[in-house]
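Here is a short briefing on one protein model.

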Amino acid sequence: MGRVGKKRKRYVLFTLGSEPSSEIREEFTRLLFKRYPALSKTAVVWLNNGVILRADSASFKGLREEVPQLHLGGFRVHALSSSGSISKLKRLAGGSLGRDEVLH
């Protein structure tokens, strides 16, 4: 039986129009941590053309609605899907993506 309450983990997949440069990734990550200081560094998983964020039930809705409002140059993010399973979102984003990165 899964945990119920504020600490239940949820993942949100955001897609980008194209693969972001390392500078765009760093700036986007900086903006995320500025807006969501409780977000852990391991809660951000970069994929080739997207990013998966881990949140608890309390901050999940805010992340899903507010993150697409962050703009970096020509890059916009779009909430594609959410799940309690990160592997499901990785498959949805394109299967084995070879360049997955976890920020530490």
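Which elements each supply at least two residues of the lining of the largest cavity? Helix 1, strand 4 (71–72) and strand 5 (75–83) do. This is a predicted model: local features need pLDDT of at least 70, side-chain atom pairs count only at pLDDT 80 or more, and totals for chains, interfaces and linings use all residues. Residues are numbered from 1 along each chain as its sequence is written, and side-chain values use heavy atoms, with hydrogens and water left out.

**Fold**
- The protein has three helices and six strands (DSSP runs numbered from the N terminus: helices are H or I of at least four residues, strands E of at least two).
- From the N terminus, the order is β-α-β-β-α-β-β-α-β.
- Of the 104 residues, 37% are buried (under 20% relative accessible area, with a 1.4 Å probe and protein chains only).
- Among contacts (heavy atoms within 4.5 Å) with a separation of 6 or more, 74% join residues 24 or more positions apart.

**Cavity**
- The structure holds one cavity of 30 Å³ or more (on a 1 Å grid over the protein atoms alone, a set of points where a 1.4 Å probe fits but cannot get out; lining residues have an atom within 4 Å of a point).
- The largest cavity has about 40 Å³ of space; a volume is the space filled by probe spheres set on the points, which are joined across faces, edges and corners.
- Strand 5 gives the most to this lining, with three residues.
- The lining includes Phe-28, Trp-46, His-71 and Arg-76.
- It divides into eight nonpolar, one polar and one charged residue (Ala, Val, Leu, Ile, Met, Phe, Trp, Tyr, Cys and Pro are nonpolar; Asp, Glu, Lys and Arg charged; the others, Gly among them, polar).

- Phe-28 lies in helix 1 (residues 22–35) and Trp-46 in strand 2 (residues 44–47), so the pair ties together parts 18 residues apart in sequence.
- Both Phe-28 and Trp-46 are buried.

**Pocket**
- The largest pocket has a volume of about 210 Å³ (an open set with protein on both sides within 12 Å along at least five of seven lines).
- Its lining has 13 residues, with Leu-39, Arg-54, Ala-55, Asp-56 and Ser-59 nearest the centre.
- Strand 3 (50–56) and helix 2 (57–66) each supply at least two lining residues.

Note on methods. Buried means under 20% relative accessible area, exposed over 50%, partly exposed in between (1.4 Å probe, protein chains only).
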